[in-house]
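Dear colleague,

Please find the structure below, with its sequence. A summary of the findings follows it.

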Amino acid sequence: MVSRAIISRAISQRLAGALLFGSVLLMTLLALKPMHFDGDINHVDKILHFIAYAELAGLAFLLVRHFKPFLKWCIALMIYGGIIEILQSFMPGRYMSFADFIANVCGIAFTVVLVKIYLTRQAASLAQQ
């Protein structure tokens, strides 16, 4: 008989996968949409990039639940962020920004640190039992 914990974990991984791929799709559509904005949102923009890529990395961890595959997902997310920045240079009202790319990488790195802390504490907790 399959335990409830295994079923619950499988459901949460499927949900994380659906949210991850849905978020990537939505971010791609928003990032490549032509934009006509005259205001200055540079600082807010960097915060949004940081949060968005931290969220994507968090969903990637919930999907795979192991550190090495998670790091591979993080590398893929960094590459994705770089490709999006390059593609934005071809969109009306958009431009490629190295600062946006750095904000993306910082968001991913932040999540990597949080995941590493979580996994270290989880391993220590299991070792004490």
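**Ring contacts**

The charged end of Lys116 is placed over the ring of Phe67, 4.8 Å from the ring centre; a charge sits over a ring if NZ of Lys or CZ of Arg is within 6 Å of the ring centre and within 35 degrees of the ring normal. Please note that this is a predicted model, in which local features need pLDDT of at least 70 and side-chain atom pairs count only at pLDDT 80 or more, while totals for chains, interfaces and linings use all residues. Residues are numbered from 1 along each chain as its sequence is written, and side-chain values use heavy atoms, with hydrogens and water left out.

Rings of Phe, Tyr and Trp (its six-membered ring) pair if their centres lie within 6.5 Å; planes under 30 degrees apart count as stacked, over 60 as edge-to-face and the rest as tilted. The count by this rule is 7 aromatic pairs. One of them joins Phe61 and Phe70 edge-to-face, at 5.6 Å centre to centre and with 80 degrees between the planes. Phe61 is buried at a relative accessible area of 8%, and Phe70 is buried at 0% (buried means under 20% relative accessible area, exposed over 50%, partly exposed in between, with a 1.4 Å probe and protein chains only).

Phe61 also pairs with Tyr118: the ring centres are 6.1 Å apart and the planes are at 80 degrees, so this pair is edge-to-face. Because Phe61 lies in helix H2 (residues 42–64) and Tyr118 in helix H4 (residues 98–128), the pair ties together parts 57 residues apart in sequence. Helices (H or I, at least four residues) and strands (E, at least two) are DSSP runs, numbered from the N terminus. Tyr118 is partly exposed, with 43% relative accessibility. Ring pairs link Phe61, Phe67, Phe70 and Tyr118 into a cluster.

**The loop between H2 and H3**

Arg65 is located in the loop between H2 and H3. Its phi is near 65 degrees, a positive value in a residue other than glycine. Most residues other than glycine have a negative phi. Arg65 is partly exposed, at 23% relative accessibility.

**Helix H3**

Ile86 belongs to helix H3 (residues 67–88). At 44% relative accessibility, Ile86 is partly exposed.

Yours sincerely
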